[in-house]
Amino acid sequence: MPRQVKVAVVGSGLAGLTAAHLLSKPAAGESDVEFEVHLFEKAPMLGMDCSSVSLPSSESEALEDAWRVDVPMRSFQGGYYPQLIALYTRLGVAFREADFSYSFSLLTSPSPTQDRQINTTMIYNGSSGRTGLSMPSVLDEPYQLTKGKSFLTRAFTRVWTIGLFVLLTLQLLVCYVRTAHYALPFRRPKTLEKMTFGEWAQRTVPTGLLARWTGFDFAWKDYTQTVLIPLFSAVCTAPEEDVLQHPVEEFLDYIWLTLGTHHYVVIHGVREVVARLTSTAQNIHLASTITSISPDAKDALSVNIHCDTPDGARVHTGFHHIIFATQATRAVPLLASYRDALPQTSPKRQAVEAQLRCLQTFKYCSTIVVNHTDPTMLPDNPRDHRDLNLICFDLDAAHPREKDEFNWSATTVPASYTMATHVLRPPKGYPTHLPPVYQTTNPLIPPEEESILSVAKLERAVLTVQSKQALKGLYREEGRKWWQCASQGSPRLGELQGAGRLSDVQGSGIWICGSYVYAGIPLLEGCVVSARTVVEQGVYAAEGVASISPPW
């Protein structure tokens, strides 16, 4: 008779679903262990898909015919997401190349003499630069204004605009090559590990005589402000101040690992991912808000989970392991309730206290995602519209009081965020009489109210130098080669994982995984890697289960 081991997985995002999926599979070899996995989610739907929205995709109103729009958008890029891609491939999740094109634009506030403007400054045609850049309409505008004038005037203006575009393209190319040079893993100084992006941006400004004479020092500053900051503000869905305080090493890893790779999106949306990961799940507790965790009075090696449900309070007993696959800020109060229920001098209490101190260093920022049909959230000129349209507030053209006018509301964020509007690709059969649908992340300006289809407010982990150092208690890497980035070594559990379960501290195993428990920008790859590491090196190891073959 197999020995029953109960495991609670808290949170049903990708990390929680991956952990539950791995534990729900039969144990390898001749193991005498059988895992009973319980997945807890406070929302009425599984977390990875709970903010998504269904739109009509044909004349049929049947739910199965609906167009499921993922919220937030979950694209992934080849070099940065190897474990995610391997998981999706093993599950049979279909995904396709989606080499997005980008536009970078500046938003200026309305004035007594002109309306609000969104002018594009750069157009990137995707495919890792292989398809080049396009001329923004603002550069072509002088030529368009010469209609009706003499041939010489038009020819001179055309040559001037093309020459200016070529010059700006070469400037951008030099800046990009310089960035790639800094991103080379074997060229980085050791001091980079604790350096913020803001410090790096200042230290890398060229100061030589030639750079000052040619204006390259200004060009580099402009490049970091109008390209790199908006790009990583969109990737991290974080404001500029958080981007500047983000460790730069992770940004350089992202640049290096995604060089020359493709973007991908799941064809049938994350709903298919959720369905495949939960195909073997047996104990899913939706709309179950965990209020506290307490030691099990009947078994010193297990804990009880107290929940509020629509049917009232409920207690789930006898868990030998808890995997927190939720945000650090949500895990902290639950862990604190468990700590407070332990004796003051208990080694378990001290181990849990160390986990709490670690988790309290992680920072989160709010983000708003709006699905809508308002085209005014895009650049003013339709020629500048691309798949992804990144728009920043033009601080140089603004009065200081104008920046203060941008603030939190139900559908807007402060001016230090980058607004990213994705032109969604409709499915086949989408009614032609319906308008195009857009998804705007962190709107600086509100969409027209009648155009809004859904609004979701989310929390995203943002890495800081302090949390990067604290992360070593939860996750570390070994065996990284001299030419590899920080995330390319072999993952290992940090000493705080398990709350002493892998040493001589009695009690249930307390494990932590999620996008932030990983050596990189907190994204989907971190969810998969940390969940697999916790299961294989944590729960399996604690229960004496051998992982014979890799899960993917």
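Predicted model: local features only at pLDDT ≥ 70, side-chain atom pairs only at ≥ 80, totals over all residues.
Glu536 and Arg532 both belong to helix H15 (residues 524-543), where four residues, about one turn of the helix, separate them. Glu536 forms a salt bridge with Arg532, with 3.2 Å between the closest N and O atoms.

**Salt bridges**

- The count of salt bridges comes to 17.
- Salt bridges that share partners join Arg339, Asp340, Glu353 and Arg357 into one network.
- Asp49 and Arg68 meet through their side chains in a salt bridge, at 3.1 Å from N to O. This pair links distant parts of the chain, 19 residues apart: Asp49 lies in the loop between strand S2 (33-40) and S3, and Arg68 lies in strand S4.
- Asp140 counts as buried at 4% relative accessibility, whereas Arg158 counts as partly exposed at 30%.
- Side chains of opposite charge can pair when their charged atoms come close.

- The largest nonpolar core holds 103 residues, of which Leu14, Phe35, Tyr88, Trp200 and Ile323 touch the most other members. Helix H7 (residues 216-236) contributes the largest share of this core, 10 residues.
- Apart from this core lies another, of 41 residues, among them Tyr338, Leu342, Tyr364 and Val529.
- In soluble globular proteins, nonpolar side chains tend to be buried together.
- Leaving aside residues up to four places away in sequence, Phe35 touches Val5, Val7, Leu23, Val539, Tyr540, Glu543 and Val545.
- Helix H10 (residues 270-277) has as its buried residues Val270, Glu272, Val273, Val274 and Leu277. These buried residues pack against helix H1 (14-24), helix H2 (82-91) and strand S10 (263-266).

**Strands and sheets**

- An open sheet is formed by eight strands in the order S9-S8-S7-S17-S18-S19-S16-S20, with mixed pairing. Its edge strands, strand S9 (133-134) and strand S20 (452-462), each pair on one side only.
- Within this sheet, strand S16 (residues 363-372) and S20 run antiparallel and are joined by 10 bridges. Ser366 stands opposite Glu459 in S20.
- Strand S3 (residues 53-56) pairs with S4 in the antiparallel sense over four bridges, and Val53 stands opposite Val69 in S4.
- Strand S4 (residues 66-69) is covered on both faces: Ala66 and Arg68 are buried on one side, and Trp67 and Val69 are buried on the other.
- In a regular strand the side chains alternate between the two faces of the sheet.

**Pocket and cavities**

- The second largest pocket has a volume of about 740 Å³. Its lining comprises 27 residues, of which Trp67, Arg96, Val266, Ile267 and Arg425 lie nearest its centre.
- At least two residues of the lining of the second largest pocket come from each of S4, S10 and strand S18 (419-423). S4 supplies the largest share of that lining, four residues.
- Across the whole structure, a search finds two cavities of 30 Å³ or more. The largest cavity contains about 40 Å³ of space.
- The residues that line the largest cavity are Phe104, Ser105, Leu106, Thr121, Thr226, Pro230, Leu390 and Cys392.
- Strand S7 (102-108), H7 and strand S17 (388-393) each supply at least two residues of the lining of the largest cavity, and S7 gives the most, with three residues.

Conventions:
Residues numbered from 1 in each chain as written. Heavy atoms only, no water. Core = buried A, V, L, I, M, F, W, Y, C linked by side-chain atoms within 4.5 Å. Buried < 20%, exposed > 50% of the residue type's maximum accessible area, 1.4 Å probe, protein only. Contact = heavy atoms within 4.5 Å. Pairing = 2+ DSSP bridges. Salt bridge = Lys/Arg side-chain N within 4 Å of Asp/Glu carboxyl O. 1 Å grid on protein atoms, 1.4 Å probe; cavity = no way out; pocket = protein on both sides within 12 Å on 5 of 7 lines; lining within 4 Å. Points joined across faces, edges and corners; volume = space filled by probe spheres on them.
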